[in-house]
Amino acid sequence: MKFSKIAIISTGAILLSCSNDEEGPAAIPDQVPDFEEAVFSAPTDIGNPFYGPDAGQIYVYEGGEADMPPEEEIRIERRAETRTVMGIDCIIHHDIVFKDAILIEDTDDWLAEDDSGNLWYFGEAVKNYDDEGNFQDDEGSWEAGVDGAVPGYWFPANPEVGDTYYQEFLEGEAEDQAEVLEVGVTVTIAMGTYEDCIVTKDYTLLEPGVYEKKYYAPGIGFIKEEKFEDDALIETLELVEIIE
């Protein structure tokens, strides 16, 4: 929700089917959004107020270990191209991650909005690089509809406190979920103070004790994240600049 699909907070996995012919397909949990019920009349016209950046913008984030100087820079933009997944035209949400000024990850996420305003997550193409900037692998890549992978919500249309949903689902491999913790809150970061924000808790049962609190501002989207392990804050990430 995957959001975080950013390197320091990513919990993504390669999506490989874990069921076999004898067992049959995995049961889909009730919290997985029902893709079959969604209608996509204009899927690349993104109106969800908690998504950013807009076309032509670049979001710049800085993050790293808690209480330490930032060691990573993340740049996010929306590509001009689109990609079709499961018959749906998706925007390409492109993020690149630098550690100590060296490229370590280059990712395209595929998103589409349904007619109700839910923003869906259809997969990602990931390129991972080593500490010297050399291509390493594509671990973390997946595509909805392939090997049993199911799309989920990047961000729902009308989140309310207590709502829970899957960002994607493949049993035993990718089970990222989110819970809406707060709505209408005020959040202050170095760039300023934002009202009517939403706070989510992102987690997966595949990694007990690890979760992220993510903060979203209307008209901007994702502005801040705090990663916890056994309730101890271990990493932070924050929006530091919007380049027009």
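Strand β14 and strand β15 (residues 232-243) run antiparallel and are joined by six bridges. Strands here are DSSP runs of E with at least two residues, numbered from the N terminus, and two of them count as paired if DSSP finds at least two bridges between them. This is a predicted model, where local features need pLDDT of at least 70 and side-chain atom pairs count only at pLDDT 80 or more, while totals for chains, interfaces and linings use all residues. Numbering starts from 1 along each chain as its sequence is written, and side-chain values use heavy atoms, with hydrogens and water left out.

Back to that pair of strands. Across from K224 you'll find E238 in β15. The two strands make a hairpin with two residues between them, and D230 in the turn has a positive phi of about 50°.

β14 also has a partner in strand β13 (residues 210-217), again antiparallel, over eight bridges. Look for Y211, whose bridge partner in β14 is F228. This hairpin has three residues between the strands, and G219 takes a positive phi near 85°. As for β14 itself (residues 221-229), eight of its nine residues are buried, meaning under 20% relative accessible area with a 1.4 Å probe, protein chains only.

Now hop over to L111, which sits in strand β4 (residues 102-113). L111 counts as buried because its relative accessibility is 0%. What does L111 touch? Leaving out residues up to four places away in sequence, its contacts are Y51, C90, I91, H93, L119, W120, Y121 and W154, a contact being heavy atoms within 4.5 Å. Take I91: it is 20 residues from L111 in sequence, yet their C-alpha atoms are 5.3 Å apart in space.

Note on methods: Helix = DSSP H or I, 4+ residues; strand = E, 2+ residues; numbered from the N terminus. Buried < 20%, exposed > 50% of the residue type's maximum accessible area, 1.4 Å probe, protein only.
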